[in-house]
Amino acid sequence: MEIGKVPNNILKDIILGKLVNNRSEILVRPGIGEDCCVVDFGEYSCVMSSDPITGTANDVGRLAVHVTCNDIAACGVEPLGLIVTILAPPGTMEYELETIMDQLIKASSSINVDIMGGHTEITSAVTRFVIICTAVGKVLKDKAVTTGGAKTGDCLVLTKSAGIEGTAIIAFEKEKELLIQFGAELVKEAKNFMESISVVREGIIAAEFGVSAMHDVTEGGVLGAVWEMCEASGTGAEIYSSSIPISVSTERICEYYGIDPLRLISSGSMLIAAEDGEGLVRKLKEENINASIIGKLVQSGRKIYYNGKEPVNILQPESDELYKVCGR
């Protein structure tokens, strides 16, 4: 199989289709587009999500924290703790582990999250650092927002801009090449996107405002996130491409590498379905979070219309080069 997310037909048939539901306490179970489980603990529910991140010691710790906590935030829940497993390749130096730990602590502290435990080992099973984080949060019972709660007629709101994480990763990993091509100012802007990959604030604000569904934008980019929300909620969508914000640095880097910015991995953006999209955009902007209405949810046979046409398999990138460049 190709690098990246397992194709949805395989995910459905081989993985999700084999799961057995033994416990009634589990309120939200695995599904396409659902990144968190929700467990009934009486007055409160426990919300959990787990993600692996692969990379170098330069950025993998920070990414691991925010990517995992973003899933919890997409439920409208404040993450409170992380369990962290670090798999390091043979030859790892002590300073590299220390760098990763410093990143984990700094990133988790920035969003008021504790590292509760985990495991660290050196193993020949990996050639680069692999960090698996499990995030935990709690919410009053039945208050968690899910990806599958979107309704026909809801506005689709996107926070920040498309391709945030991917732009930053490419800028770090291809810095020398991009400096020659575009100069220091653009590369600096692109690298600074790494400081904007948390969506915890917008997730909590949106949940308090009142929304139908949320989904953090990761692999597959903005279009992939729309597809997953539609798949989870049984809706279709109309996307207004001209309304999707794309930064100059993202646009130029994507053009240079032949990548569609709307398919580029984009932790840092939250996709939100809300009945009052305009009100939500105003509320987010009051909190200094840029947001735009990029479309609406429709029935239309659960198809997604983009630029007036139904795209082919929008969840997948146009080529493997996207993953080779981004290192995820």
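This is a predicted model: local features need pLDDT of at least 70, side-chain atom pairs count only at pLDDT 80 or more; totals for chains, interfaces and linings use all residues.
Is E25 buried, partly exposed or exposed? At 30% relative accessibility, E25 counts as partly exposed, where buried means under 20% relative accessible area, exposed over 50% and partly exposed in between, with a 1.4 Å probe and protein chains only.

Residues are numbered from 1 along each chain as its sequence is written, and side-chain values use heavy atoms, leaving out hydrogens and water.

E25 forms a salt bridge with R23, with the closest N and O atoms 2.8 Å apart; the term stands for a side-chain nitrogen of Lys or Arg within 4 Å of a carboxyl oxygen of Asp or Glu. By this rule the count comes to eight salt bridges.

Another of these joins R62 to E195, where the closest N and O atoms are 2.7 Å apart. Because R62 lies in helix α2 (residues 60-73) and E195 in the loop between α6 (184-192) and α7, this pair ties together parts that are 133 residues apart in sequence; helices (H or I, at least four residues) and strands (E, at least two) are DSSP runs, numbered from the N terminus. R62 is buried, at a relative accessible area of 19%, whereas E195, at 60%, counts as exposed.

Just after α10, N288 takes a positive phi of about 65 degrees.
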